[in-house]
Amino acid sequence: MYRINELGLTLEIEGTLLSSIIDIGIQHYPNEFGGFLIGNYSKEQTHLSITDTILPNKFKGTPYLFERDTVGINDKLKQFYEEEPKKYYLGEWHTHPNNLPIPSSTDINAINSIANHPGVSIKNPVMLIIGYNNAKVELGFYVQFKNKLYRYEKN
């Protein structure tokens, strides 16, 4: 469980899903890799539950850049939306090999463009950055809220 006290927001993700996402990202070392975060919000919109990830069909990764395409993603999103309870696109995740889970200017621009994109129904996208090296893995969960980036803290 993660929390932003200032905003009264909480975020939850199963340990098995988180481990799987980390493993998938590390398999692409030394290049960055990422995917889409899927799940749902509580009725009050204060608790976020990340339940799944979708991996891109087309992407480009280098040690300092990850670009993904959305080819074929809409069909997968529709399948999640048709589940009960409905699941939605919540944001994105990507790795920072040999680096910290701190958003770069590219990351900040990307989350801003997601928040402001007319075709995206979520106004407060979440971003997970997985920073890792040989010794450890560090996670950074962030949310774009009212044009400001906030970091979730581990509970």
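Are D52 and K87 buried or exposed? Both D52 and K87 are buried, where buried means under 20% relative accessible area, exposed over 50%, and partly exposed in between (1.4 Å probe, protein chains only). The structure is a predicted model, so local features need pLDDT of at least 70 and side-chain atom pairs count only at pLDDT 80 or more, while totals for chains, interfaces and linings use all residues. Residues are numbered from 1 along each chain as its sequence is written, and side-chain values use heavy atoms, with hydrogens and water left out.

Back to that pair: D52 and K87 form a salt bridge, with the closest N and O atoms 2.9 Å apart. A salt bridge here is a side-chain nitrogen of Lys or Arg within 4 Å of a carboxyl oxygen of Asp or Glu. The pair links distant parts of the chain, as D52 sits in strand β4 and K87 in the loop between α2 (73-81) and β7, 35 residues apart. Helices (H or I, at least four residues) and strands (E, at least two) are DSSP runs, numbered from the N terminus.

A search of the whole structure turns up five salt bridges. One of them joins K60 to E67, with the closest N and O atoms 3.7 Å apart. K60 is partly exposed at 45% relative accessibility, and E67 is partly exposed too, at 40%. Another is formed by the side chains of E92 and R68, at 2.7 Å from N to O. E92 lies in strand β7 and R68 in strand β6 (residues 65-68), so this pair ties together parts that are 24 residues apart in sequence. E92 counts as buried at 12% relative accessibility, whereas R68 is partly exposed at 29%. Salt bridges with shared partners also join D52, E83 and K87 into one network.

Now for the sheet. Nine strands make up an open, mixed sheet in the order β10-β9-β8-β7-β3-β4-β2-β1-β11, where two strands pair if DSSP finds at least two bridges between them. The edge strands, β10 (148-151) and β11 (153-154), each pair on one side only. Strand β3 runs antiparallel to β4 (residues 47-54), joined by six bridges, and L37 stands opposite T53 in β4. β3 also pairs with β7 (residues 88-97) in the antiparallel sense over six bridges, with I38 opposite Y89 in β7. Seven of the eight residues of β3 are buried. The hairpin of β3 and β4 has five residues between the strands, and in this hairpin Q45 takes a positive phi near 65°.

The helices come next. In α1 (residues 15-26), the end C-alpha atoms are 16 Å apart, which agrees with the 16 Å that twelve residues should span at 1.5 Å a residue; the expected span is 1.5 Å times one less than the number of residues. L17, L18, I21, I22, I24 and G25 are buried in α1. They cover an arc of only 165° around the axis, so they are on the same side of α1; the arc is that of the directions from the helix axis to the C-beta atoms.

In α3, the buried residues include D107, I111, I114 and A115. The buried residues of α3 fall within an arc of 100° seen down the axis, so they line one face of the helix. On the other side of α3, S105, N109 and N116 are exposed.
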